[in-house]
Amino acid sequence: MAGPIDHEAELKVGAHVLVQLGSELVTDVEQAILECVKNAYDADAPGCKIDIDTRETGYKLEDGTVDKYWGFDSPTETVTVEILGKDGQPLAARPDAGDIEITRRLNYTGRITIEDKGDGIDAAQLRSSWLVISRSNKRSAAGGQKNKTKKGRTPLGDKGLGRLGSMKLGDILRIETATSATGQLAVAEFRWADCEDARTVDQIPVFVDSLPNDARFKGTRVSVLGLRDLPEWRRKDRIAEITRSLARLISPFEATSTFPVGITLDGNDQSLVSVTDELLKRAVAEFIFEWKDDEADSSKRVLVATARFRKSLFTSERSRKNRERTAAVFSQDRGAGFAESLKSYGRLKPYREKAIDLDGAWFVELKRTFQWSDMQLDTGAALVDPGPFSGAFYFFHLDKLGPEEGDIADVDAPAAAGIGIDRQLLKDMTGISILRDGFRVRSQGDWLGLSQSMTSGSTYGMRVDNTVGYFALTGECNYKLVEKSDREGFVEDAAYRGFMQVAKYCRGFANESLEQVRRALDDYYKRLLISEEGMRKDGPPASAFEALESGIKSTEHARDDAERIAAELQADLDRLEREAAAGITNSEAAGKALNVANRAVAAMQSVQIKLTAGARAGANLVRLRQEFDEKDEQTIALFESAAVGLSARGLAHELRTHLTEIRQRSSAIDQIAKAGASEILPHLRAIRASCTAISSAAALIDPMLPRSRSVKETIVLRAFVEDFFKARSSIYERAGINVRITGTGATVRANRPRLTQVFDNLVRNSAYWLRRGEMTSQVKRPKEISVELTAGGFIISDSGPGVDPDYESSLFEIFVTAKPERDTGQGLGLFIVTELLRADGCEISLLPERNADGRLYRFSVNLRPLVLRP
C-alpha cells in the first residue's frame, strides 16, 4: 500500500557538489589565489598583499550546538579537530541533548592570507551574499554592462563561485572584514572537509562572529588555514615559481598594470616580476593594434595595425649565409640602398602608410587599416563586435646574447643600468595573453595559433617561443565577452567569434608584414649579387647556360687555333731543317732556332691537349641540361599535384553541401514515413540529384590527374569551356551564379590536365569572390562569371568586387592572397597557375580595364604558343 504523499518535499543540493565544483572550476593554486585578488580589485582596493606562511601553527575555536558540530571532526593532513565541552575537555561521546553548547577546536598548520584595504563587507552582506554560493551582487542583467564601483572600476567577478577555488589551497576558509576602521570585524568560517561529512549543503556548519577591531582595519582579509601539499609549498624554488606564475596572471605587462600585488612566502618578500618596458624595448619587431571607432563613421569600428622593425632584425649573423648578406647590404652604405628599395617594393603596396628611417630607433614602420566588413566569416556564421580594445605583440631574437649570459641584446637600444633582463623571464612570458582590466583570462595553449606560421610554408613569421604579447580588454567596453565558470577562456558565442576574428587579423598582419620586409631583404640581396656578377638585373635562368655554351665554343675555337699554329710552326721547322742541311744559314743559329721551335711545338701540343679536355665540357653541358630538364619536369609535376590538391579541396566543400542536403532529405523522409504520409517523391528526386552531383564532382578530379603530363592533344577551347561548365552546372545553379561564354575561340595543342587545372583555379576564385561579395553586401550586382574566348586564349572575369588595389602588383606571387582567412587561401593558386602556364611558354595577366568599383577584374590567359594555325 502506497504511503502518504509528502507535499512539503523540496529540492536540495548534496554537499559533495561543492567538492566537485571546487576541484573542477579552478586549474591550480595560482588561479585560486587570483580569484581572491580579483575580489580585492572589485572592492576598490588600491592593491593587495599575499602572505604565505607554511610554518605557522595555530587553532581556531568555533562555538555552537551539538547538532551543529557533532560528527564534523574528520582530520586532514594539516588540520586536526577536537570537540570540547564547556569545561574545555574533549568529549568522548555525544551528549544526549542536541542543543547543548560545545566548542570545536581546529588545529592547523600553514596559512595563506590575501588582504586588501578596500570597501569591506558588512555582516548582513556576509550572510546574504558571501555565504551564498553562486550569489553575486556584481552580476549584470543578461547581456548588459555591469554597474561600476565608486572608483569607476567594472567588477571582474560575477559568478559567486570564486571562493570555491580556495579548496585547492587548504581546508579552512576564513574571512574577516570591516567597512570602516571604527566598526567591528565581521567573521565567517567553514571547512571544506565538512563537505564530505554533510549530506546536503545546508548541513555544513558555518561559524560567524563579530570581533573587536583593535587594529582599526578597513577592508577584507581572506585566509586559508591548513595548507594542502605542505612539502610542495616548502620546496626550495617554490617562491620563485609561484611569483612567476602569478606574474603571468596579475598585470603581467608593466604597460597594462593596474593593480599592484605584493607577496611573502615564509618571511621572504617578493614583488611580482613583470614584463617591463625596458624588456619590450629589446624586441626587434613590435606590432600595435587598436580596434576602435572609425574616425570617418563613428557607427563603425576599424582595426588600425602598426608594425615597427629595428635594423637589427635584418642584420642577423647566425649563419655564414646571414653574415654574408648582412655585410653585402649594410657594410657599404649602412643599408641606405635597401631602405630606398623598400619604398617601391611591390609586396609592401598594401601598407598605405610607410616610414623608413635609416638612423632612427625603428628602421621601418608600416601601417594598415582593416574594416569590420573584411572580417566576416566565409561560413556566414554570425559575428558580434566585441567592443573596442587594444593589443601589442613583441618579437625577439633570443639567440642574441648580451654582455651577461642570458641577457637579450639589442644594438639599437641601450641597456638599462641595473636591470637584469634574462632570457628565462622572456620564455616564461611567451605567448599572447588576454587581459581584462589588467588580469589575465586563462586560455588553452597557443590559442591564437602562432605556430601555424611554422607549418604554413613560410619561414619568416612569428614563433610561439619568440613572441610576447597581449590583448587588453576592459569590463566596461568588452562586457559581451563572458568568461567560462572555470575561468579557462570565454564562452564561445557570436561576441567571442567576433573577438577571435579581430585577433586573427592582428596575427595575420604581424606575420605578413614580418614576412614581406624579410623577403624584401632577400630580394634586394639577390639583386646585389646579380649586379656584382655583371649579369642582367632580371636575366632569365637560361643566361647561365648561354654563357657556358659560349665559353665552350670559345674553347673549341682556341683548340682550332692551337692546331693551326702548331702546323705553321712545324712547317717552319721543316724549312729550317732543309736550310741547315743545305748550309744556307749559320748552323749554330739554325740549331738554336730549331730548339726554340721544338719547345714552342711542345708547348702548343700541351695547350692543345688541355683544350681538348676542356672541350669535353660540351658533353657535360648536355648532361647538365638533361638533368635540369628533368628537374623542371619534377617541379611542374609538383605544381600539377598542388593544383589538383587545391581543386580537390574545393570539391570536398561542395561534397559536404550535397551530403548535408541528402541528410536533410533523408530526415524528412523518415518523418513522413512515421507520420504515414506519402509525399516523398520530391525528396527522392533531390537525393538523386545530389548523388548525381557527387558522382560528377568526383569525376571532375580525374582529368586533372597528371598521369600523362607529357601527352598533348588537340583541344577546341569553345568545346572545352562548355564541357567544363556543363559538368558543374548544378554547382553554379545552387550558388545562383550565371555563366556567360562569348567568342568562337582557338584550337590549341595542349596538355588537357594542365589546362583544366589552370581554368578550374581561375573559375573557383571567381565563384569564391562572388559568394563573399554577396555575403558581406560589398556587391549588389547579379552574380555572373564571364569567359571571353579570343584568338590567342581566353579572358575570365566576374561581377564580384574585383582585385584589391593593394594586391594588384603582387597577386601572382607565392603566398600572396587577398582572401581574409588562411583557411580559404594560402596564396598558392594564382602562383601555381602562372607556373603551369610558363611551362608551356604561356602567361597570365591582369588587363587594365576596371569594374564599376574601380578595380581590376579581367584575367587574360595567353595561349598563343599552343595555338594551332589554320
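Buried means under 20% relative accessible area, exposed means over 50%, and partly exposed lies in between (1.4 Å probe, protein chains only). The model is predicted, so local features need pLDDT of at least 70 and side-chain atom pairs count only at pLDDT 80 or more, while totals for chains, interfaces and linings use all residues. Residues are numbered from 1 along each chain as its sequence is written, and side-chain values use heavy atoms, leaving out hydrogens and water.

**Exercise 1.** Decide whether Arg310 is buried or exposed, and find which backbone oxygens its side chain reaches.

*Solution.*
- Step 1: Arg310 has 5% relative accessibility, so it counts as buried.
- Step 2: The Arg310 side chain reaches the backbone oxygen of Ala283 at 2.9 Å.
- Step 3: That side chain also reaches the backbone oxygen of Ala361, at 3.1 Å.

**Exercise 2.** Classify Lys349 by its relative accessible area, then list what Lys349 touches.

*Solution.*
- Step 1: With a relative accessible area of 36%, Lys349 is partly exposed.
- Step 2: Leaving aside residues up to four places away in sequence, Lys349 touches Pro805, Asp806, Glu808 and Ser809 (contact means heavy atoms within 4.5 Å).
- Step 3: Between Lys349 and Glu808 there are 8.8 Å in space, C-alpha to C-alpha, although they are 459 residues apart in sequence.

Technical notes
Polar contact = N/O pair within 3.5 Å; in protein donor to acceptor, adjacent residues only side chain to side chain.
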